[in-house]
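Look at the sequence and the model first, then read the points below.

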Amino acid sequence: MSRQLLRNPSTLQRAANVVAMPARGAAGLLPHLERNSSQLQQQCKLTASVVIRRWKSLLHNNNSAQKLRTTATVTTTATQRRSQAEALNARGSHSPFDAPARCMSTKAQIMNVLQLNNINANYVSMEYAVRGPIVIRAGEIEKELLKGVKKPFDRVIRANIGDCHAMGQKPLTYLRQLMALTMEPRLLDSPDYPDDIKSRAVDVLAGCLGGSMGSYTDSAGMEFVRRQVAAFIEKRDGGVPSDYQNIYLTGGASPGIKSILSLLNYQENGQLPGVMVPIPQYPLYSATITELGMSRVDYFLNEDKGWGLDRKELQRSFDEAKKHCNPRALVVINPGNPTGQVLTRENIEEIIKFAYDNKLVILADEVYQANVYDKNSKFFSFKMVMNELGEPHRTQELISFLSVSKGYLGECGIRGGYMEVVNMCPEVKAVLTKSITAQLCSTTAGQVAISALVNPPQPGEPSYELFEKEKSAVLDALKERAELVYNTLSSFEGYTVNPVQGAMYVFPKIEIPPKAVEAAKAKNMQPDVFYAFELLETTGICIVPGSGFGQLPGTYHFRSTILPQTALLKEMMEKFRVFHADFMKKYK
């Protein structure tokens, strides 16, 4: 009430005029102001202006007292919030944010409705190491460098995430031409674009309502593009049939993965659904499983055997998980992220048989299928191997994923991807489609990028020669850098490195001296996190600690991309070499 009077001068003036009226009128109109008759008579002798001055003083004092009470309450609550954040960090979660000192509106000085203790607890618990505290610090350092703050380096090298174009990879001409023509159809009249790209653009626009990329598509994506995806899969898998009605176009692979995990989120007999994930794993899986309140079931890849998979380890993990949850799905990443391995065909057969025997749905993350560098390695899709195994394994439930963010396109920001669902119950597939319908559709730009991925220029077409040249240049450079990183890191004291057979990462094991382990504990950090922070502050190189991906207890790793262009990567490796030698000397 007092704040309302102060904010509305006209209201305050009318009230003062009433107080300045004869006693009988004031008592009749404002009985709540009457304390005793003598006081009221004295008050009624005042002019309205005097009344206003005195009331303002009274009301301001009243508000000050209220602010003190509110601030005290907020301070107590903020202290509780900080305690919660400190508890998160103490348990080694390395939350990527600091709890705000106060969850309140600074203007109104009132408590916010949303507080850490009344939002979805799964959101508070989930973590995503690839964009965690070290990456946040890297961003801060970049800003400090721009302000002229002196560092022992002149730039930050972001080797933390598989963002190809951010690290200097050039876009392929045919994809960008196709996107330009579909986004601006008037360019179809320009002589600057090849006829085969124009023809593709016309086909895409014919599949858009109103002939415009600005229209919604079917929720599963343009039928024209989904048919192209099905044809691509059939060709890749040596003729194994693919039905376009089993294809869903998604905003990158991640939304598809999240939609399938959500579909599996069903408690049976009071047990949480479990999802088996490889350790080390891509943090999207652990973050999504936590967000959905599901149970993560870890199985360890065999580092001594090139990060291969062992059926005995799968069975051990499954049997132990049955004690506290209901395992429903098996995630496999091939080629591996963060480990860079390419599974052998025999390994894939073992996995399929294990999943079939234990009634698990396979989620095959195959986004790096074009990224195979080792001459003795080859990519085999789970769908092809499953079908070639014959009955009963060809009936195995499988969902596979592909994206334009990786491979040779590296178009991370365009957000194009697809998933193929195989052997899914028709009624369940109808429910999945319904849930995707609620999201309307993925971006048309991403759908065009998928069209470019699965239907590239063919021999004899005007764009083919340039396409092959650019594609080969990207993949050859990645292969060269994979070898460079492996050879360099293998020469470091205390490093054990597996060859980078595929994907875009190296995941070396490092021996951290006991003295450094103690220094990490003193800072409430995991040893590999401590190592990564020291590397960043000393050299400007940003990597991701292995603890963000999972690792065998007592071992320490980190993930680095191989994406920096060759000259920059050589500079990065030299900085790395000097840093590691100094680190070992300092903490031995």
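Which residues do ring pairs link into a cluster? They are F492, Y495, F530, Y531, F558, F576, F579, F583 and Y587. The model is predicted. It holds 17 aromatic pairs. A pair of aromatic rings is described by the distance of the centres and the angle of the planes.

**The pair W307 and F507**

- The ring centres of W307 and F507 lie 5.8 Å apart, and the planes meet at 65°, so this pair is edge-to-face; the cut-off for that class is over 60 degrees.
- The pair links distant parts of the chain, 200 residues apart.
- W307 sits in the loop between β6 (295-300) and α13 (311-321).
- F507 sits in the loop between β12 (505-506) and β13 (509-510).
- Both W307 and F507 are buried.

**The pair Y531 and F579**

- Y531 and F579 have ring centres 5.4 Å apart and planes at 75°, so they too form an edge-to-face pair.
- Y531 belongs to helix α20 (residues 527-539) and F579 to helix α21 (residues 566-587), so the pair ties together parts 48 residues apart in sequence.
- Y531 has 1% relative accessibility and therefore counts as buried, the limit being under 20%.
- F579 is buried as well, with a relative accessible area of 5%.
- Y531 and F579 are among the members of the ring cluster.

**Charges over rings**

- R227 lies over the face of Y244, at 4.0 Å from the ring centre.
- R345 places its charged end over the ring of F380, 5.8 Å from the centre.

How values were computed:
Residues are numbered from 1 along each chain as its sequence is written. This is a predicted model: local features need pLDDT of at least 70, side-chain atom pairs count only at pLDDT 80 or more; totals for chains, interfaces and linings use all residues. Side-chain values use heavy atoms; hydrogens and water are left out. Rings of Phe, Tyr and Trp (its six-membered ring) pair if their centres lie within 6.5 Å; planes under 30 degrees apart count as stacked, over 60 as edge-to-face and the rest as tilted. Helices (H or I, at least four residues) and strands (E, at least two) are DSSP runs, numbered from the N terminus. Buried means under 20% relative accessible area, exposed over 50%, partly exposed in between (1.4 Å probe, protein chains only). A charge sits over a ring if NZ of Lys or CZ of Arg is within 6 Å of the ring centre and within 35 degrees of the ring normal.
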